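This report looks at a predicted model.

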Amino acid sequence: MEFANRMSGIDSSPIRKAFELARSIENPINLSIGQPHFPCPPNIIEAMCKAARDGKTAYTLTGGIPELKDAMTEKYKSQNGISYAHPDRLLVTSGISSALFLLFNALVNPDDECLVISPYFLMYPAMLKFYGAKLLTVDESFQKSDLDPFRKKKIKLIIFSNPSNPTGKVLSKVQLQALAQLAEDTGAYLISDEIYELFDYDKSFYSIGCEYEKTITLTGFSKTYNMTGLRLATILAPLEVTKALTTLQQYTVVCAPSTTQWAGIEALKTDMTSYIQDYREKRDFVYDSLKDHYDVQKSGGAFYFFLKIKGKDEDFIQKAVTKKLILVPGYIFTESRNFVRLSFATDWDQLKRGMLALQELAT
């Protein structure tokens, strides 16, 4: 069977392979999973069930139900400070992955140069390669002057996750303003993936869309409320972009799951403070456990650490398996082979076992 040429650049994600490996090990210490370990809050589940019982299981409007778009508009205004947010600028879609699929389909042509902040969510370079774009990168620790080499380029888009998957880095306001200025200078689309925004342990998260109106802001429900399998996200973009994406969604995703959209309205009313506090404590525990054993930066957000290791990541992963510890190799997030990603989105017992295993592996 002969597939399209663009399929040659896509392989099964090593994260999925980690899931499969975990299933083959008895009582594994699985620190590879990039999803919350807590259950979806019961009030959100009930809202979804009620929607189903009330017969709200048909197709919705392509752009999303008006009630959710109104609620998200208020969220963007009150929580992100984005005063220009409006339902007409919003598209509800089936998860951040679908949002990226729509954006890359609508915006990227072969040979377009696209700037990605590194380390990066693995889907960014994979999908850009799929569409024949040229990948440019700059490290997440960049200074404003580090962006100067890109100012004379015709960049199509600039994309980053904030807070970061895989490092937990929260970009500073100065860095975000520099990226916005670069987008303005080059005509690039600025895409801010803010799915981890609530996991902001040191209150340093800044939504650049509040001051740069051309920003395309992505918000998802998956990580914050453990709705990963329910597939729900929104895109806030300039009106012409939203219209194009909505048209494209008519022919692809069609609409986000109907009952999930009603659950999303309830999710926005849910206080997640206690959940975030639990993750803050786990963040601190992981850092204190590893700082004397590894070259590691303290995670500011999300629920990941990106550990610098001696030797190659895949060799380290294999050694970790001998201790029943499952991690993700860093090469899928950056060009370096000297990092591994761990997720602290797990229960305390597993986390403590994992830290002991990593301490032993450092010797």
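Between β9 and β12, the latter made of residues 339-343, the antiparallel pairing extends over 5 bridges. Within this pairing, Tyr 304 is placed opposite Ser 343 of β12, while Lys 308 is placed opposite Phe 339 of β12.

**Aromatic pairs**

The model holds 18 aromatic pairs. One of them joins Phe 38 and Tyr 279, whose ring centres are 5.8 Å apart and whose planes meet at 65°, so that this pair counts as edge-to-face. Phe 38 belongs to the loop between β1 (29-30) and α2 (42-53), whereas Tyr 279 belongs to helix α10, so the pair ties together parts that lie 241 residues apart in sequence. Both Phe 38 and Tyr 279 are buried.

A further edge-to-face pair is formed by Tyr 196 and Tyr 304, with 5.6 Å from centre to centre and 80° between the planes. This pair, too, links distant parts of the chain, since Tyr 196 sits in the loop between β6 (189-193) and β7 (216-220) and Tyr 304 in strand β9, 108 residues apart. Buried means under 20% relative accessible area; Tyr 196, at 3% relative accessibility, therefore counts as buried, and Tyr 304, at 1% relative accessibility, counts as buried as well.

**Charged side chains over rings**

| Charged residue | Ring | Distance to the ring centre |
|---|---|---|
| Lys 56 | Trp 262 | 3.7 Å |
| Arg 337 | Tyr 331 | 4.3 Å |

In soluble globular proteins, nonpolar side chains tend to be buried together. The largest nonpolar core of this model has 90 residues, and those with the most contacts inside this core are Leu 327, Leu 342 and Leu 358. Helix α4, residues 95-107, supplies the largest share of this core, with 7 residues. Once its neighbours within four places in sequence are left aside, Leu 358 is in contact with Leu 290, Tyr 294, Leu 307, Phe 316, Leu 325, Leu 327 and Leu 342. Another core, of 22 residues, lies apart from the largest one and includes Phe 142, Ile 155, Leu 179 and Leu 182 among its residues.

**A proline in helix α3**

Pro 66 has its place in helix α3, which covers residues 66-80. With a relative accessible area of 43%, Pro 66 is partly exposed. Its C-alpha atom is separated by 7.7 Å from that of Pro 87, a residue that is 21 residues apart from Pro 66 along the chain.

Terms used:
Residues are numbered from 1 along each chain as its sequence is written. This is a predicted model: local features need pLDDT of at least 70, side-chain atom pairs count only at pLDDT 80 or more; totals for chains, interfaces and linings use all residues. Side-chain values use heavy atoms; hydrogens and water are left out. Two strands pair if DSSP finds at least two bridges between them. Helices (H or I, at least four residues) and strands (E, at least two) are DSSP runs, numbered from the N terminus. Rings of Phe, Tyr and Trp (its six-membered ring) pair if their centres lie within 6.5 Å; planes under 30 degrees apart count as stacked, over 60 as edge-to-face and the rest as tilted. Buried means under 20% relative accessible area, exposed over 50%, partly exposed in between (1.4 Å probe, protein chains only). A charge sits over a ring if NZ of Lys or CZ of Arg is within 6 Å of the ring centre and within 35 degrees of the ring normal. A nonpolar core is a set of buried Ala, Val, Leu, Ile, Met, Phe, Trp, Tyr and Cys residues joined through side-chain atoms within 4.5 Å. Contact means heavy atoms within 4.5 Å.
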